[in-house]
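Please look through the sequence and the model shown below.

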Amino acid sequence: MRKEIRNRSLVLSSFLLMIFFSFPVWGEGQVYEKKDRFFLEEKMDGTSLLPYLSVYQDATGKKSFKEVLKIFDQGGSEKITQNSLGYSKSAIWVRLRTENQTDKVVDWILEIDYALLDFVDLYSGRSSDSAINHSGDLREFGTRPIEHRNFAYPFSEQPGSKGEIYFRIASSSSILLPFLAFSKNEFIEHTFTEQLALGLYYGSMLIMVVYNLFLLFSTKDKSYLYYVIYILTYILFQFTLNGLSFQYLWRSSVLWANYSLPFSIFTVLLAACAFSRSFLNAPEYTPKTSKLYYLLFALSFGGMVSTLFVWEYRTAIMSSLVLMFFTLGFLISNGVQCLLAGRREAKYFLFAWSSFLFFSFLFGLKSFGILPNNFFTLWGIQVGSVMEVSLLSLGLADRIKGLSDQLKQRVEELGKIRSDAEESEAKYRSLFEVEEDFLFSLDQNWNILAANRSVSKHIGFKPGEVIGKNFMELIYKAGELQDAYKKLYVLEKLEELASEGKPVRFLGEFLQKYLREPKELQVQFQILEYEGQREILGRAYEPDQDLMSRYVDDEKTVYSANNYLQNAELLSQRMTANLYRFVDPSTITAMRNCLREMIINAIEHGNLNISFEEKTRAMSDGNYFRFVQERQKDPYYKSKKVKVEYSLSRDRIGVRITDEGKGFNHARLQKSSMEKLNSEGIAHGRGLTLTLATFDLVKFNSTGNQVTLVKYF
């Protein structure tokens, strides 16, 4: 089955590529009524002159204008029905007879809409044997009467006058005769529209270059380097094909102008192969087939060198086209192989090339006269190439996501290794020393009065370094909004201690002196009174599971909470208290953070109806908590509750959080990314993204006011 798919894709791609890359020899396809004379009009907007052309092919290439005139007069010329004469070593003589039947002077422009002609000589009338203009891409660009990427010639015809225009054309490339007639104003408008369209096209391509350069600098992924090179070489190829390189880059370098097209084709092929091999990761997914890339590298590089030093133009252009057929056919075939082998980015690769070939095919049908002129047929190649680079950029972005997933997996593996190492270290220490808890005392303002030496063991500080500090200074701060929730939670516990006088116990994240990472410790406070003085005794120690939790296999609880933000911390800690026998501490911390964020979302955006924009504005103004308190006091929101259903079993934990709000568009919100939030400098909005990365199942109801979270052990 796979072999059949590969064979079909190779045949289809080769067929489409032959259609596209043979476009220099396409004809108009339409059958015109042969006419003897072209009647000028006051307004002409790209009128095809094909029906009025007479052609004579001078096989010797040495006949003079006078000799050719006699041949035309004796009927030795012929009418043509399509504008392509293919590859010919003959000198092509073209005659156009005109007549101005209007009562006004007609100023008009004759454009040959094909930039790749070596020699184009213009003869007007019969009075002189010498050409009035010599141009072509083997002559300096300044010889052209009008500064235009194609060949354009101005004429002025008096009322009632008749004229004859002759061209001698010789070229080693394919010879096309797309002669068009414009009145002066229409030609100016046509040129402006054409330049605008080309400017948009090349601007779009350069934007993709800049965008991928930024990604290259940030990711250091060599695929982006190959991709930028590929886009730049393709821009140069298209620039040369359109005649713009000769007009703007090398106006006087006629030899290079002639050979730049086959050279740019070989360069594009080399860059496309390098990028495709890296993008598809071909050596890993198709190790045997990927060896053919080296052959294509050698052929492309050899073609570049041969174009400059060995081959004549015709050999170079034909060789480049043949190699192009095989290269792109191979790339698409290899893309199919990689997709079947499990390379998910390959689908973007195939979509990109399919779009490019599809729009190029539309361009071909237009050139055959099967489809009419419109934006997509006239600019099919440009539209296809823009879609191609855009889709490939999406593929590279998906590649980043894949690398991010791999990084996350490695971080989890490192976390487990670290946890195992810490466990081993703890076992080793327990053999040689007695475990001691971090003991300290506080005054009424929560300043540390005394601390034992085990503070160094737990968080790295010496006793003298923490004495005099406020207890809140030892709480870990990540520089994010959740720091405020942690602070509220700890202050609430301290105030509970001060008001009720009963011991309090909670989990806290402490700042470590050297690692600058949070360390979770179980904290217990109690009030001591002696000799008329009152002090707060604190004890911090490594969290261990409750004796009952060792035997908990199943647990189900339903909580109903009001809209105070500290409830999020309380509930998240309660629901993760019995997980130590099932998962590692780092996963528990991640789950606790996600549960806290989801409950806060239910309170803020659900029950209190605080929008994302309102929260951002309030945080920016520095009055966020005051704003929340006002909503909490509002009678309309005050009575609303958050319902939390919690279920624990040996193989999973499930939590369902329901608020009484109006819900939200969770599908749209899930499309926003951490990268976007970071780039815009927004300090919140990451809860859902982290939750999606932590839990195995995150499912919202249709309204958006209920979320179900499941984590399998």
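## Buried cysteines

A residue is called buried if its relative accessible area is under 20%, exposed if over 50%, and partly exposed in between, using a 1.4 Å probe and protein chains only. By that rule C594 is buried, with a relative accessible area of 3%. C273 is also buried, at 0%. A search of the whole structure finds zero disulfides, where a disulfide is a pair of cysteine sulfur atoms within 2.5 Å.

This is a predicted model, in which local features need pLDDT of at least 70 and side-chain atom pairs count only at pLDDT 80 or more, while totals for chains, interfaces and linings use all residues. Residues are numbered from 1 along each chain as its sequence is written, and side-chain values use heavy atoms, with hydrogens and water left out.

Helices (H or I, at least four residues) and strands (E, at least two) are DSSP runs numbered from the N terminus. Two strands pair if DSSP finds at least two bridges between them. Strands of a sheet pair through backbone hydrogen bonds, either parallel or antiparallel.

Here an open sheet of four strands runs in the order β2-β13-β7-β10, with antiparallel pairing. Because β2 (45-48) and β10 (151-157) are at the edges with a single partner strand each, one side of each has no neighbour in the sheet. From one strand to the next, the twist averages 30°. Axes are lines fitted to C-alpha atoms, for helices over the stretch in contact, and angles run from 0 to 180 degrees between N-to-C directions.

Strands β7 (residues 106-112) and β13 (residues 179-183) pair over five bridges; W108 has S183 in β13 as its bridge partner. Helix α3 (residues 184-219) packs on the sheet and touches β2, β7, β10 and β13, its direction making about 110° with that of β13. Contact means heavy atoms within 4.5 Å.

## Two residues with positive phi

Most residues other than glycine have a negative phi, and most peptide bonds are trans. N281 has a positive phi near 50° and lies in the loop between α6 (254-279) and α7 (282-285). At 23% relative accessibility, N281 is partly exposed.

W446 is not a glycine either, yet its phi is positive, about 70°. Its place is the loop between β14 (438-442) and β15 (448-451). Is W446 buried or exposed? Its relative accessibility is 16%, so W446 counts as buried.
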